[in-house]
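Here's a quick briefing to read alongside the model.

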Amino acid sequence: MAVDAAQESKEGFTSAGARRVMATACRTAGLDDRGAELIRLGENALFRLASVPVIVRVARGKERLSTSGNEVAVSRWLAAEGFPAARVVEELEQPLGVDGHPVTFWHLIEEGDRKATYGELGAILRDLHSLTLPAGLELPSFDPFAKQELRLDRAVIPGDDKVFLRKRWRELRDKFEELRFETPKGPVHGDAHVQNLMVDEQGQVLLIDFEVFSFDHPEWDLMVTAVEHHSLGWQTDEQYADFVRAYGRDLYEWHGYETLRGLQEFGMTTWLMQNVQEDERTAAEYRRRIAGLRNDDGPRDWHPW
């Protein structure tokens, strides 16, 4: 694997490199990777195995080891609570390390014939925020800056983009330092958009993706949908009203909304930035997003990804 690791170091985290890691992890775990399908490449690479109903999740690098461990621990806690959420494969020891990449294994959720609604997102977040973390489950605070510097260091983007993004990163840190929350801390998903809900064949709505699960203020989970509606126009007024009604709060009315808007849009741009080398469609959307960041008052014609 030495040649493959060197190649990946040169190319960055690609679908091809992630597939090599996935294949090695499956062999170690005694699983058949033949016919595995890449279903998503983002902060992680997700593969659906053809041989068994399992999803293999490959993280970008060794710096994600503790994060992957938290994902496993959170899944086990939510299972003990009877909370509707994704489940790890208990029979396998995980996370598994392969060439510096933490790998985890999850039970496949067989999807039903509909997508989750924004009202269901608001309701599941309300229920999540009402839970109490058990003794022994130590989770980090939510850190909107944790990945940004590493993303910028590794990004294959023009130099002037990097200069602009680093300057914006410093400005956002200053605004974040001035932010004052008024709500108590509790369990926070950290990436609470409707795509991180799945509806199974029985019609049950399940929460997935615990990579940035934290112990912090609930505003971080309301931020995503509020920005997608008020800034990006990705939901109708009725959909957003359903979300607010189900949860019981509209973040747009909070004094810290504009700061969180800036953080969310920045994160959405740098997240996509990581995959500009994959294809022209991704690169074009990145260019659209950074153009929006350069004009705070301009329209956001971003596409959901």
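What we have here is a predicted model. Its five-stranded sheet is open, with antiparallel pairing and the strand order β1-β2-β3-β5-β4. β1 (37–41) and β4 (96–98) each have a single partner strand and stand at the edges, so one side of each has no neighbour in the sheet.

**The sheet and its helix**
- On average, neighbouring strands of this sheet are turned by 30° against each other, ignoring direction.
- Helix α2 (residues 15–29) packs on the sheet and touches β1, β2 (44–48), β3, β4 and β5. The direction of α2 makes about 65° with that of β5.
- Five bridges link strand β3 (residues 54–59) to strand β5 (residues 101–107) in the antiparallel sense. Val54 has His107 of β5 as its bridge partner.

- In soluble globular proteins, nonpolar side chains tend to be buried together.
- The largest nonpolar core here has 72 residues, and Leu78, Leu165 and Phe210 have the most contacts inside it.
- Helix α9 (residues 257–273) supplies the largest share of this core, with eight residues.
- Leaving aside residues up to four places away in sequence, Phe210 touches Glu71, Val74, Ser75, Leu78, Ala85, Ala86, Trp106 and His189.
- Another core, of 21 residues, lies apart from the largest one; among its members are Ala25, Phe47, Val58 and Phe105.

**Glu285**
- Helix α10 (residues 280–293) is where Glu285 lies.
- Is Glu285 buried or exposed? Its relative accessibility is 0%, so Glu285 counts as buried, the cut-off being under 20%.
- Glu285 touches Leu272, Trp302, His303 and Trp305, again leaving out residues up to four places away in sequence.

Methods
Residues are numbered from 1 along each chain as its sequence is written. This is a predicted model: local features need pLDDT of at least 70, side-chain atom pairs count only at pLDDT 80 or more; totals for chains, interfaces and linings use all residues. Side-chain values use heavy atoms; hydrogens and water are left out. Two strands pair if DSSP finds at least two bridges between them. Helices (H or I, at least four residues) and strands (E, at least two) are DSSP runs, numbered from the N terminus. Axes are lines fitted to C-alpha atoms, for helices over the stretch in contact, and angles run from 0 to 180 degrees between N-to-C directions. Contact means heavy atoms within 4.5 Å. Buried means under 20% relative accessible area, exposed over 50%, partly exposed in between (1.4 Å probe, protein chains only). A nonpolar core is a set of buried Ala, Val, Leu, Ile, Met, Phe, Trp, Tyr and Cys residues joined through side-chain atoms within 4.5 Å.
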